[in-house]
Amino acid sequence: MANKGWDEFEIGAMLRSFNGPVSDVALTHQEDRDYSENNSFTASVADWRIEKPVFNKDYCIDCQFCWIYCPDISIISRDKKMVGVDMDHCKGCGICVEVCPTNPKSLLMYSEQTDEEEALAAWPSKETGEK
Amino acid sequence: MSEIKKIKNLKEFSTSADRFEGANLLCPGCAHSIIVREVLNATNDDLILSASTGCLEVCTAVYPYTSWDASWIHIGFENGSTAVAGAEAMYKALKTKGRLKQPDREPKFVSFAGDGASYDIGFQWISGCMERGHNMMHIVLDNEVYANTGGQRSSSTPIGSSATTSPAGRISYGEKKNKKDMISIMAAHQIPYAAQVAPNKWKDMVKKIQHGLAVEGPVFINAMSACTTEWKFDPKDTMSISDLATDSLVFPLYEIID
């Protein structure tokens, strides 16, 4: 990937997603794949975030709405259970919190510096209809 | 014909292994990647994909990175559909000659394009693919504006929208022309399947995608993609905006079979 001059031109490029031959990618989960250095999985967009989602598994009902609506493949679900948030690829858009149906929500947005333990300890309690 | 993946409910769907990777450069809250994930997860078959120039292509193939775990090609703005059609023609030819390396596998051919690359710039190419009857699927990620270049109007922009080249204000109420009825145009090619989908109705979308992949012949899918940057809403509201659009029938979901 040497730098090119202003009048030189890269005709095309072929990037391999994996090291070596692969078969049945559709049946292999991310942790079992041999990603190459050209796969964006090895990169991170964590510095895009202003707020991060914090996951409280006590209230989660594994409905998987966050998994289907996450634009960045950052909700990790294995065996029909929500496992956690992939903080390397989360951009902090907040869709997962919006679509979470539980009361109180099992995902909430906190500023990037917030300590996760503290956030979990001070989790809001159930909202009632009364005002 | 290969077996259709069984997806009864969302829990079952969530056991899918994604073939689209994070750390792409799409905006936070972009609906493009939600659509792409729902399409790729709807099948376990091998995929041969292309993308025409647009947000999706620009953000998922930033040299030296790729976000795709399936065969993927990008050539130009207009010819994403013909790239896949060419691959499909080659597959058919090799199959007839018995020279396929993995004859037991049936790959699916899918091309992604934005509304600019489908409604305007690549229109002639898509029309050709549909007319020649390639066994492929063309998916439009329809955000109704040229979002990648700063929000100019496209022929998909609906009446009354305020795009940067048709701004609403003292003189005008915004875009003056109606949205091009692309589904009808494509249905007039007498293709076996044409449908409109939206990512917030995931079950409807997966059903339509699976039907489209199963039928023999060209399939046209128009997917609504809410754009946080050009529609100017908060990234977290992508799903509620999509709900509003589909439930109010501003973007109706329907299908045309045969």
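Helices (H or I, at least four residues) and strands (E, at least two) are taken as DSSP runs, numbered from the N terminus. The structure is a predicted model, in which local features need pLDDT of at least 70 and side-chain atom pairs count only at pLDDT 80 or more, while totals for chains, interfaces and linings use all residues. Residues are numbered from 1 along each chain as its sequence is written, and side-chain values use heavy atoms, with hydrogens and water left out.

Chain A holds three helices and four strands, which follow one another from the N terminus in the order β-α-β-β-α-β-α. Its radius of gyration, taken over C-alpha atoms, is 19 Å, well over the 14 Å that the globule rule (2.2 Å times the number of residues to the power 0.38) gives for 131 residues, so chain A is more spread out than a compact globule. The C-alpha trace of chain A spans about 70 × 35 × 25 Å along its principal axes. Of the 131 residues of chain A, 44% count as buried, that is, under 20% relative accessible area, with exposed meaning over 50% and partly exposed in between (1.4 Å probe, protein chains only).

K80(A), K81(A), K6(B), K8(B) and K11(B) form a positive patch; K11(B), in helix α1 (residues 10-13) of chain B, is partly exposed at 34% relative accessibility. A nonpolar patch of about 230 Å² is made by W48(A), L25(B) and V62(B).

Note on methods: Chains are lettered from A and ligands numbered from 1 in the order in which they are written. Patches are made of residues with over 30% relative accessible area and no salt bridge: like charges are joined within 9 Å, nonpolar side chains (Val, Leu, Ile, Met, Phe, Trp, Tyr) within 5 Å. Accessible areas come from the Shrake-Rupley method with a 1.4 Å probe; for residues, only the protein chains shown count as cover. A salt bridge is a side-chain nitrogen of Lys or Arg within 4 Å of a carboxyl oxygen of Asp or Glu. Lys and Arg count as positive and Asp and Glu as negative; His and the chain ends are not counted. The place of a charge is taken as NZ of Lys, CZ of Arg, CG of Asp or CD of Glu.
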